[in-house]
Structure formats: C-alpha cells, structure tokens
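Hello,

Here is the structure I promised to pass on to you. Please open it alongside this message, and my notes follow below.

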Amino acid sequence: MRDDWLRPLGSTGLTVSAVCAGGSAIAGMPAVFGYDVTRQEAVDLVVRVFDSPLTWIDTSNGYGDGESELRIGQAIREYGGLPDGFLVATKVDARGQDYSGARVRASVAESKERLGLDDLPLVYLHDPEFHDFDSMREAVDTLMQLRADGEIGHVGLAGGNTVELSRYLDLGGFEVLLVHNRWSLVDHSAGDLIRRATGDGIAVVNAAIYGGGILANPQGATKYAYRDAPDAVLEAVAEMDKACHEFGTDLATASLRHSVDNPDIAGTVVGISKPSRVDALITSLEADLPAELLNRLGSLLPQERYWVEG
C-alpha cells in the first residue's frame with residue numbers, strides 16, 4: 001500500500017485507504033442495479049478486497065434487507081477474520097417508518113450479528129432526510145449514546161440532500177459525513193457542505209461519484225442520480241468522455257480522481273461487484289492525469305442550475 005493511498009479519517013483516529021469498497025451492489029438487488037450478484041460471487045469479491053490495497057468496505061443494515069452484511073460476514077468467516085487494520089463501516093436504518101431509539105439499537109444489534117463482529121468502528125445514521133427532522137432527535141441521541149457506552153466506535157451521518165444533512169450537523173456529535181451524488185465531475189452541489197464539514201473537523205466521505213453509472217459507462221446512459229439527466233449534463237459527459245480519450249485515459253478514471261485528489265475528501269466509496277473492478281481501481285489510482293486534461297474537465301462542469309440541487 002502506497003503511503004499516499006492512506007489518510008486519516010478526520011479526527012476519529014482511524015486510518016483508511018483513499019478508496020472504500022461500496023457494498024450495496026453485492027447485496028444482490030437486480031431491481032435496483034439491473035444485474036444480480038450471487039452470494040458466492042459476493043463472498044469471493046469481498047475476499048478479493050481483503051487481499052487488495054483497499055482497507056475498508058461500506059455497507060448498511062438496509063442493503064438488500066441485510067443481505068450485504070450477511071455476505072460480508074460470510075467472507076470474514078471464510079477469510080479467518082478481518083485483515084489487520086481493515087474496517088467495516090455500516091449504517092443504521094429505519095424499519096419502515098420506525099426510526100425510534102429502539103430501532104437504532106436493534107439495527108446495530110442486527111448488523112453485529114450478520115457481520116459476526118462485536119466491534120463496529122464506524123456507524124452512520126442513514127438517510128435521515130426521508131424522515132421528519134423533529135422526530136429524529138431520539139434516533140440521533142441513541143446513536144450518540146451507543147458510542148458513549150462503547151457499543152460502537154465512531155458516529156457518522158450519511159445521505160444525499162445537503163440542506164437536510166446540514167441541519168443534522170448543527171446538532172453536533174457527528175464525526176464523519178458521507179454524501180452521495182453531490183460531488184462529481186458534473187455536479188458540485190455538496191461544495192458548501194464539504195467545506196463546512198472539513199472546517200468543523202468532520203471527515204468527508206464521497207459516494208456515487210459516477211452518478212449511478214453515467215460517468216463510468218457514458219455510452220447510452222441517460223440518468224444521473226436516479227433521474228433523467230438534463231441535456232446540458234449529457235452534453236458535458238460526452239465532451240468529458242471525448243477529452244479523456246484524447247489524453248489516453250477514460251472517464252471513470254477521471255471521475256475517481258476528481259474525488260480522490262480533493263484534499264477535503266478523506267474517502268471515496270466506489271461500488272464494486274466484480275473482482276476485476278478492484279484491479280481497475282488500482283490502475284486508476286496510479287494513472288498520471290495531465291493538468292491540461294484536468295483543466296479542460298473543470299471547464300466543462302455544467303452550470304449550477306443543472307446540478308441535483310441547482
């Protein structure tokens with residue numbers, strides 16, 4: 001592992017690789033992703049991650065109704081335990097509309113059982129923006145209490161809507177912020193939130209850097225962040241793709257580096273469903289991207305009104 005691929009996760013005291021393996025696709029949710037991943041395929045992939053330079057994996061209680069955690073747990077058992085220094089980050093999830101304190105405690109207990117781990121070093125409050133803010137204080141307080149009691153390590157906040165996420169940061173106590181689909185080559189909606197978090201000493205983790213796939217496989221893709229992309233975004237993606245090919249690289253590499261090379265971003269979550277993708281990520285991290293290409297890509301950023309939160 002190269003030293004520049006490792007970095008501190010804010011003030012948590014944890015050290016992580018610049019890229020985190022995303023564990024949503026390995027839950028086997030073809031209705032969401034358009035393809036299936038069998039349990040054995042998922043287990044083999046996680047074992048490949050354990051043997052790679054990546055030092056952490058991101059999952060959630062709710063991914064595949066717990067299937068992601070179950071598969072990671074099976075891989076841990078088959079591997080003989082977690083590799084030294086490897087971190088599993090998970091998230092508490094509501095059960096339907098129940099996001100009570102009791103539900104938060106149950107979510108943590110379920111995750112520990114599925115993963116086969118007593119130690120959960122990082123647990124996020126997941127997607128709170130889909131629930132009434134005023135009713136969520138018990139969930140927040142319970143997660144903080146679980147940290148105080150030593151039931152979990154560090155507390156994070158994970159979601160999309162930057163306005164709502166900022167309201168939760170105002171409550172204090174969060175150590176890590178995960179935001180998705182809001183900081184990519186074609187969308188800088190999370191810019192202010194990222195600066196606010198880093199200014200407060202909160203580690204930033206960036207997810208969904210490909211916008212759901214359009215920045216990884218641009219040919220024929222028409223959606224960004226689960227919605228139809230505006231023409232301006234489609235045109236920008238096409239021009240960025242062309243520029244990358246002119247400089248001998250690909251848009252997926254440029255998209256990854258746009259996040260990884262940002263000094264305000266501690267970790268970048270990349271969903272992985274095939275072992276070969278691990279090797280591709282390492283190649284992208286080693287690529288030498290010329291300043292001329294980076295400047296051109298920056299100039300192609302669509303206007304703010306075309307961003308998810310523009």
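**What I found**

Ala225 lies in the loop between strand S10 (223-224) and strand S11 (227-228); helices (H or I, at least four residues) and strands (E, at least two) are DSSP runs, numbered from the N terminus. This is a predicted model, in which local features need pLDDT of at least 70 and side-chain atom pairs count only at pLDDT 80 or more, while totals for chains, interfaces and linings use all residues. Residues are numbered from 1 along each chain as its sequence is written, and side-chain values use heavy atoms, with hydrogens and water left out.

Ala225 has a positive phi of about 55° although it is not a glycine. With a relative accessible area of 4%, Ala225 is buried (buried means under 20% relative accessible area, exposed over 50%, partly exposed in between, with a 1.4 Å probe and protein chains only). Tyr226 also sits in the loop between S10 and S11, and its phi, near 70°, is a positive value in a residue other than glycine. Tyr226, however, counts as exposed, at 65% relative accessibility.

Now the chain as a whole. The protein chain has 11 helices and 12 strands. Its radius of gyration is 19 Å, which agrees with the value near 19 Å for a compact globule of 310 residues (taken over C-alpha atoms; the globule rule is 2.2 Å times the number of residues to the power 0.38). Along the principal axes, the C-alpha atoms fill a box of roughly 55 × 45 × 40 Å. Buried residues make up 54% of the 310 residues. Of the contacts in the protein chain with a separation of 6 or more, 74% are between residues 24 or more positions apart (contact means heavy atoms within 4.5 Å).

Next, the helix pairs. Two packed helices are described by the angle between their axes and the distance between the axes. Axes are lines fitted to C-alpha atoms, for helices over the stretch in contact, and angles run from 0 to 180 degrees between N-to-C directions.

Helix H4 (residues 101-115) packs against helix H5 (residues 137-148) at an angle of about 45°, with the axes 8 Å apart. That makes H4 oblique to H5 (angles under 35 degrees count as roughly parallel, over 145 as roughly antiparallel, 65 to 115 as roughly perpendicular and the rest as oblique). On the H4 side the contact is made by Gly101, Ala102, Val104, Arg105 and Val108, and on the H5 side by Glu138, Ala139, Thr142, Leu143, Gln145 and Leu146.

Helix H2 (residues 39-50) and H10 pack at an angle of about 30°, again with their axes 8 Å apart. H2 is therefore roughly parallel to H10. Leu45, Arg48 and Val49 of H2 meet Pro275, Val278 and Asp279 of H10 in this contact.

Two threonines to finish. Thr283 is in helix H10 (residues 275-286) and is exposed, with a relative accessible area of 52%. Thr283 and Thr253 are 30 residues apart in sequence, and their C-alpha atoms are 8.4 Å apart in space. Thr162, in helix H6 (residues 162-169), counts as buried at 10% relative accessibility. Leaving out residues up to four places away in sequence, Thr162 touches Val179, Arg182, Ser189, Ala190, Leu193 and Glu309.

Best wishes
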